[in-house]
Amino acid sequence: MLLLDIRNLTIELETNHGLVRAVDRVNLNLREGEIRGLVGESGSGKSLIAKAIVNVLNQRWRITADRFHWFGQDLLQLSFDQQRKIIGRDIAMIYQEPSKCLDPTALIAEQLQESIPNDVIKGSWWGRESRKKKKAIALLHKVGIKDHVAVLSSYPYQLSEGVCQKVMIAMAIAKNPKLLIADEPTTALESSTQAQLFRLITSLNQLKGMSVLLISNELDSIARYTHNLSVLYCGQLVESGKTSQVLAQPYHPYTDALIKSVPEFQPDLPAKSMLYALPGSIPTLQHLPVGCRLGPRCPNARKECVHTPSLQSKQQHFYSCHFPLQRKGS
Amino acid sequence: MSCLLEVTALCKTYRKQHGLFRQETIKALENISFQLHAGKTLAIVGETGSGKSTLAKVLVGIEQPDQGEIRLAGKVVTMTNYRKYNHVIRYLFQDAERALNPSQKIGDMLTDVLRFSTVLDNLQRQQKVLESLQQVGLMDEHIDFYPHMFSAGQQQRIALARALILDPKLLILDEALTVLDPTLRAQIVNLLLELQQQKGLAYLLISKNLRLVRHISDHCIVMQHGQVVESGPTEQLLTQPQHAHTRKLMGMS
């Protein structure tokens, strides 16, 4: 059963210079119990998509989609209150920069207890507070914080970024969500904590069947933990499919460049040799190229690339490129 | 091969006041020693709070060391000859966007650096500015641009130009590559490697990204609580880590 089924999601921003299309017809599917990675560089619209799913974008953004289904129910057709009810019940999100997303004026204990919904706590109204306290402690243990007394009685600024991130995860899983959206959960953390966090997320996925949408700008850090992968460039979906398939044979030049620019995926590359890099830089939203947005930087761009390529598929491996890369010998 | 930078028994403590009489001393650096040769890259790896950034600050002269000796090309460095010193060691900040003055044109910013620490005249300065912009792959007309008109990758290039304009021998990269997007980072890494080959620049790379460390560094130091727990050639250290902390950083344990 498809948990989330998004077809041709377009997110536009009204500016003085007219409409800017930040996300251009992106498809995204999520099955139950799946971990999907969403990879793209800054400004590629990954955070926008995440925010559109939980509907926290402000009024200036215009969201349209052919299909925006959550469990077969079109979210865009519902009224705001109904949307909030469903999203609040089923979807949780971990934002970037956890220490800034926590309330600086409230204790961790208060914030964590507030995030536990009443229907998770069984029993009558009497004694609910103490049960909530117990639940909060249990949640902290679950995310790997042993010293719950100190953490619960401190303010966010007193904690390190890693602990804040774990608290955010504890708050997110408090309501047993069906989908967890993790927006660059590990950018501010060092590598040992990163590994810990990913292990935590994978174990939650396996034990509870929670689906995860893992957003990152580094392909290498999340490739190991995801089943499926979607690669975005400048708001366009360039490639999606099984992680192993995409990594083994990228069809789109951008995915190829992304893989080649990481030394880890090139074990036979000698140290201190040049890395593969696309020329130029990511265009800004005001000056997006027409057609395929990779066009000006693409090594094998041709005349046809001024038209946006449609999404093509080869054995559940989707790519949008007029001239897909061919593996040697195949 | 000559030894460019030699650090012996460097110590740095911070004092933290608790009330009127009680004081707590925090040892940020304890007995740090290492050598760096010209044209090589030394990587410093460690968790946050392990003293990596303090070490960089001490080296570049933002902080004074309590004990120990920094020798630059054989001469002991004291902070009194700071002007001479900052020709040789330059610092590249983590966030280029915040390290550049938003109200100053690129050309003016680079000229200021020269005016402050060289004796070049106006024309020579102009020439030098253009030269350093070309070196990092920017164009002459960019001197009239403000920082916000550039993309993140270009801003990092400008910061690099500002660091390179004094022809330094050593460049300290304090997490300068971590925040960049992968394809931009590949570009900057290529640029840095090229400069190293051409000019024999030495780098001190402070990074959390072990994959990057493996690719560009020759030697590697692992720090924990202000102490060096392990050091050695990068390839050897990362394939056969001896210390438990190194293994933890690599996510192996």
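## A guided tour from helix H7 of chain B

Begin at B:Gly200, which takes a positive phi of about 70° just after H7(B). Helices (H or I, at least four residues) and strands (E, at least two) are DSSP runs, numbered from the N terminus. The model is predicted: local features need pLDDT of at least 70, side-chain atom pairs count only at pLDDT 80 or more, and totals for chains, interfaces and linings use all residues. Residues are numbered from 1 along each chain as its sequence is written, and chains are lettered from A and ligands numbered from 1 in the order in which they are written.

**Helix H7 of chain B.** Select residues 182-199 of chain B. The 18 residues of this helix should span 26 Å at 1.5 Å a residue, and the end C-alpha atoms are 25 Å apart, which agrees; the expected span is 1.5 Å times one less than the number of residues. Among the buried residues of H7(B) are B:Pro182, B:Leu184, B:Ile188 and B:Leu192. A residue is buried if 20 or more other C-beta atoms, placed from the backbone, lie within 10 Å of its own.

Next, display what covers these buried residues: the cover includes helices H9 (219-223) and H11 (253-260) of chain A, together with H6 (152-164), E8 (202-206) and H8 (210-216) of chain B.

**The interface.** Select both chains. Here 25 residues of chain B are in contact with 26 residues of chain A; contact requires C-beta atoms, placed from the backbone, within 7 Å. On the side of chain B that touches chain A, the elements giving two or more residues are H6, H7, H8 and H10 (244-249) of chain B. H7(B) supplies the largest share, eight residues.

**Chain A as a whole.** Now show chain A, which has 11 helices and 13 strands. Its C-alpha trace spans about 70 × 50 × 40 Å along the principal axes. Of its 330 residues, 42% count as buried.

**Strand E1 of chain A.** Finally, select residues 2-15 of chain A. E1(A) pairs with E2(A) (residues 18-31) in the antiparallel sense over 10 bridges; strands pair if DSSP finds at least two bridges between them. A hairpin joins E1(A) to E2(A) through two residues, and A:Leu2 stands opposite A:Arg31 in E2(A). E1(A) also pairs in the antiparallel sense with E5(A) (residues 67-70) over four bridges, where A:Asp5 stands opposite A:His69. With E4(A) (residues 61-64), E1(A) again forms four antiparallel bridges, and there A:Ile11 has A:Ile63 as its bridge partner.

Definitions and conventions:
Buried ≥ 20, exposed ≤ 12 C-beta atoms within 10 Å, placed from the backbone. Contact = placed C-beta atoms within 7 Å.
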